[in-house]
Amino acid sequence: MKDDIICLEKEREALLKFKDGLIDEYGQLSSWGNQKDKEDCCKWRGIICDNLTNHIIQLDLNGASGRLRGNISAQLLEIQHLKHLNLSFNDFNYSKIPQFIGSLGRLQYLDLSDSYFSGEIPHHLGNLSELQFLGLGTCSNALTSTNLDWLSRIHSLRYLNLGHVNLTMATNWLQTISKLIQLKVLDLSECDLPTVLPPLPSTFNASNSLYQLDLFGNNLSSSCIFHWFVNFSSSLSYINLDFNKLQGPIPDDIGNLLSLSHLSLIDNQLEGEIPISLGNLSSLSYLDLSFNQLIGIVPHLALSSSLRHLSLYRNMFNGIVTQSIGSLSKLEYLNLGSNHFEDIITESHFLNLSQLQLLDLSHNQGISFDFSLGWNPPFQSSRVFLAGCKVGPHFPTWLRTQTTLYSLDISNAGILDTFPSWLWELSPNLGHNLGHLNLSHNNFHGVLQDFSSKFSTNFYSIDLSFNHFSGSLPILPPDASFLHFSNNKFSGPITNLCNETIYDLEYLDLSNNLLSGQLPNCFANLQLDILNLAHNNFSGNIPSVSIRMSLHLQNNSFSGEIPTSLSDFATLAFIDLSRNKLTGKISTWVGDSFINLVFLSLRSNEFFGSIPSNLCYLTHLQVLDLSLNNISGAIPKCLNNLIAMVQEVDYGMYHIPNLSGGSESARGGSESANVMWKRKEREYINTLPLVKLVDLSSNNLVGNIPAEITSLVMLVGLNLSRNNLSGILPANIGRLRSLDFLDLSRNHFSGGIPIGVSQLDQLGVLDLSYNNLSGKIPQNIHLQTFDASAFEGNPDLCGLPLNKTCPGDEIPQDPKIIGNANGMKDPNEEEDKLISDGFYITMAIGFVFGFWGVCGTLVFNNS
DNA sequence: CCTGGTTGGG
């Protein structure tokens, strides 16, 4: 009926032109149109018209169910009575916020957040004097405001979100904000706020009504900001200052904020004790002080009886855990992990904690437990972390009462016990089941029973590594993604691995066990990030397995050739096939395929043929070990293309993400590699050296050393010994200034020792023995520290430290005074320069889980 | 608006 149409013709025309500027892929505006049945624009989606005047007062085109794209037409200005405009969560392709929005003078609500706007926020928005709500935040916008003066004209503002707007230049932000005396909610998180704050305006008063303050991630220091917000004593309820640089103690007057319910100060540089006044805050329900340097004991916290969330994780708290926390009957989340608490935890600590869902006491070496045998806790927790506490010698039986347990980490807790098989069946009929289990680094022993029928399908990770489990590998849970079974005594074939659907497996570590036999067929179906079968006795061919990042098969009895299927995985960073019985030529696809390869060891196998020059495409390669094979031919001249050995490491290059998903109990696993270093095999577990090595020793290589090799100036070790190399040594070998280890022994090199050898200041081991070198050894102080054995077996070589005088020289000293007999410096003195100098950089094959820090064993030292 | 994290939505 015509009478029902209340839409004003002029506004309807404007809306249709506005729609014309938009690309509506998801049909958000399908109710908008010219058709007869769509005549009343007041019924269009997102439109609200005023009951009396019929003017459009609200336009809400939030794109949450499908982003609109395109341009915002200036036709919007025809809708002059608009009070509420929401264009959030659309995609305006990083265009600027139109200045004309500042002319919609009746606007009370403006939300342009998360909509791909960029550039300077137009100061025209300051004309919107009626505005109460302004949302311009979120990271999909790339907005800047060099000066916030425009904001101070919007006196009516109650809610302001400028999160992620770049305010680097807005040095007056605090003064501006202080003028907004109606403000209730302020979000300036991740605004890159200037950290040097000018003094507060003298007119500043505390009579305003700020309720929620979010300054997350701004590098703010304590000096001004605490003083500022402590003035909102009666109103402030929520404070988030996570990821700033607050120093010194938490000020006492924080206890004046009597309405405070949420205080989060994660990852600052706070020191000293928690102020006693915090206990005054009877409304406090959320307190997170994680990642600071706070000390002391915390008895008064127990006064905050409203607490639901309490985290003191990663601080330096010491002393006892007050038993009065047992009175915090609303506590759901209790994290005291990674501190220096020393206490015996008893049942009374949990007296009234009937709501507790998460308990983390891990990494407090001084914490032990004294529960009665039949203790039935008042809570049903889903996540329990007791790693690094004194839990043992027996597995804690009280956990049997926890029928909703999902994550359990009791690693490194001194447990000497058999596997508690009831863990698999805590409450299978309720749909709950353990998803993450970490029992590593204990003394568990015995054979694992077949528990396959007990699993539900939501298992995610199991870490049983570093125990003494024996017998066959058990039938594994289906759907598990991370299995860490390394460093046990599992033995025999691993056919059980294929008895279940294991297609979700991403990480399999069976290294350092007693496993044997051929790899079962199901390996051909796996798609793994990391496979580590090192240090077992597996035999047979390597199946065509899919590995995305890391393959460790070293020290087994694998035979046959490297499967060509591996060439599909350009992301592979580590390949260690050393100490097997592999054979064949080193195929050209090794160099062509693995463009991300950092580590390649084929050491001690039966490879033959020449070194393909394609290997020089491996520009990220740091370790190339082809030693102890039957490789012939010349050393490729192109080695100078291995630029990772030429340049300093770009650490970012190795940030290989997310191997084990999101649980605190599922942290990473082991990443190991075997490296020959100074004639000793070393295994690096969880670490790989920054050391850059080329080891081609013990092959049948011929020809000379290509001069290009002296371009590898970051090379720390070069071993070409025990080949049939000949010719003179490169004249500019002195360029290899990082060399700590140089072994060219047992070849047929001739000519003099280049003076450059004496320039290798870092050299700890030198061996030039058993060649045809001639002439006088450079009489340099450093070279003279090496033993004569480093030069022996060269009939025409003379001069110190050899006991052979060069023609026309004086009789040399007794060489025994200078060095010992094996060509190395005194081992006690030398130790390992790389380690003592902090030269080994732990390499990340792990990931930081949320902001809860780096995962323990997979530290990558970014500093 | 709510939420919560080196931002993301309904």
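This is a predicted model: local features need pLDDT of at least 70, side-chain atom pairs count only at pLDDT 80 or more; totals for chains, interfaces and linings use all residues.
A disulfide is a covalent bond between the sulfur atoms of two cysteines. Counting sulfur pairs within 2.5 Å, you get five disulfides here. Number the bonded cysteines along chain A and the pairing reads 1-2, 3-4, 5-6, 7-8, 9-10. The table shows some of the links.

| Disulfide | S to S distance |
|---|---|
| cysteine 7 and cysteine 41 | 1.9 Å |
| cysteine 498 and cysteine 522 | 1.9 Å |
| cysteine 798 and cysteine 806 | 1.9 Å |

Let's start with cysteine 7 and cysteine 41. The torsion about their S-S bond is about 95°, so this disulfide is right-handed. Cysteine 7 sits in the segment before α1 (9-20), while cysteine 41 is in the loop between β1 (22-23) and β2 (47-49), so the bond ties together parts 34 residues apart in sequence. Both cysteine 7 and cysteine 41 are buried.

Next up is the link of cysteine 498 and cysteine 522. Its torsion is about -70°, so it's left-handed. Here cysteine 498 belongs to the loop between β33 (489-492) and β34 (507-509), and cysteine 522 to the loop between β35 (514-518) and β36 (527-532), so parts 24 residues apart in sequence are tied together. Cysteine 498 is partly exposed at 25% relative accessibility, whereas cysteine 522 is buried at 12%.

The link of cysteine 798 and cysteine 806 is right-handed, with 100° about the S-S bond. Cysteine 798 is buried at 7% relative accessibility, and cysteine 806 is buried at 7% too.

What about cysteine 139 and cysteine 389? Cysteine 139 is exposed, at 57% relative accessible area, but cysteine 389 is buried, at 2%.

Notes:
Residues are numbered from 1 along each chain as its sequence is written. Chains are lettered from A and ligands numbered from 1 in the order in which they are written. Side-chain values use heavy atoms; hydrogens and water are left out. Helices (H or I, at least four residues) and strands (E, at least two) are DSSP runs, numbered from the N terminus. Buried means under 20% relative accessible area, exposed over 50%, partly exposed in between (1.4 Å probe, protein chains only).
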